[in-house]
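Subject: The structure I promised you

Hi there,

Here is the structure we talked about, and below it you will find my notes. Please keep the viewer open while you read.

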Amino acid sequence: MQKVVFVCLGNICRSPLAEALFKHFIEEKGLQNQFYLDSCGTNGLHDGESADLRTRRNAEKHGIQVPSISRRIKLEDLDFFDIVFTMDQSVHQQVLSMCKSEEQKSKIRLFREFDHNNPGAEVPDPWYGGEEGFEEVFHIIKENTEIWINRLC
Ligand code: 4NP
């Protein structure tokens, strides 16, 4: 069982979608028993809230439900999870700065590390923009979810 957590800033747009898409694709492959999935955010501003309505609506258009409830990352996450995916550089640096050991640091991976078009790029934050930003982020996250599932399975 691999324990995987996706981390963004608010845990209402990018990381809940990454969690939902990862779940969708591992279920499609019948591999759901091999993973424990979660997501969280670094800022805690939306603690207890559902994912952003625009994220949920856009994902539903593609047949994906995004049921997660926002929570802030906690120190114990860095011990509990095996892989900690970060959605952008700012989140990446923030999570790295929480680490107390090299072992914890080694778990933290930029989600677009192996992106086919733009390796190492950030997943852009769609929160301040329009609907097209949510659609773009959906495709970025979908592609990279499939890349990681192929690497991890
Ligand atoms: P997310 O998007 O990090 O992808 O969940 C954001 C949502 C809310 C805020 C920032 C980013 N916010 O500042 O409230």
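One term before we start: a polar contact is a pair of N or O atoms within 3.5 Å; within protein, one atom must be able to donate a hydrogen and the other to accept it, and residues adjacent in sequence count only if both atoms are side-chain atoms.

Please keep in mind that this is a predicted model, where local features need pLDDT of at least 70 and side-chain atom pairs count only at pLDDT 80 or more, while totals for chains, interfaces and linings use all residues. Residues are numbered from 1 along each chain as its sequence is written, and side-chain values use heavy atoms, with hydrogens and water left out.

**The ligand**

Which residues are around the ligand? Among them are C8, L9, G10, N11, R14, H46, D125 and W127 (a residue counts as near if one of its heavy atoms lies within 4 Å). An oxygen atom of the ligand lies 2.9 Å from a backbone N or O atom of L9. For N11, a backbone N or O atom is 3.2 Å from a ligand oxygen. R14 takes part through its side chain, where an N or O atom is 2.7 Å from an oxygen of the ligand. On its own the ligand exposes 360 Å², and the protein buries 95% of that (areas come from the Shrake-Rupley method with a 1.4 Å probe; for residues, only the protein chains shown count as cover).

N11 is in the loop between β1 and α1 (14–28) (helices, H or I with at least four residues, and strands, E with at least two, are DSSP runs numbered from the N terminus). Its phi is positive, about 55 degrees, although N11 is not a glycine. Is N11 buried or exposed? N11 counts as buried, at 1% relative accessibility (buried means under 20% relative accessible area, exposed over 50%, and partly exposed in between, with a 1.4 Å probe and protein chains only).

D52 is in the loop between β2 (35–41) and α2 (53–61). With a relative accessible area of 12%, D52 is buried. Its side chain makes a polar contact of 3.3 Å with the side chain of W127, and W127 is one of the residues around the ligand.

**Salt bridges**

Side chains of opposite charge can pair when their charged atoms come close. How many salt bridges does a search of the whole structure find? The search finds 12 (a salt bridge is a side-chain nitrogen of Lys or Arg within 4 Å of a carboxyl oxygen of Asp or Glu).

- E113 pairs with R109, and their closest N and O atoms are 3.0 Å apart. E113 is partly exposed at 28%, and R109 is partly exposed at 29%.
- D115 and R112 meet at 2.8 Å, N to O, and both of these residues are buried.
- K142 and E146 meet at 3.8 Å, N to O. They are 4 residues apart in helix α6 (residues 131–152), so about one helical turn separates them. K142 is partly exposed at 30% relative accessibility, and E146 is partly exposed at 32%.

Elsewhere, salt bridges that share partners join D38, R71, K74 and D77 into one network.

**One last pair**

V7 is in strand β1 (residues 2–8) and is buried, at 0% relative accessibility. V7 and F111 are 104 residues apart in sequence, and their C-alpha atoms are 9.3 Å apart in space.

Enjoy exploring!
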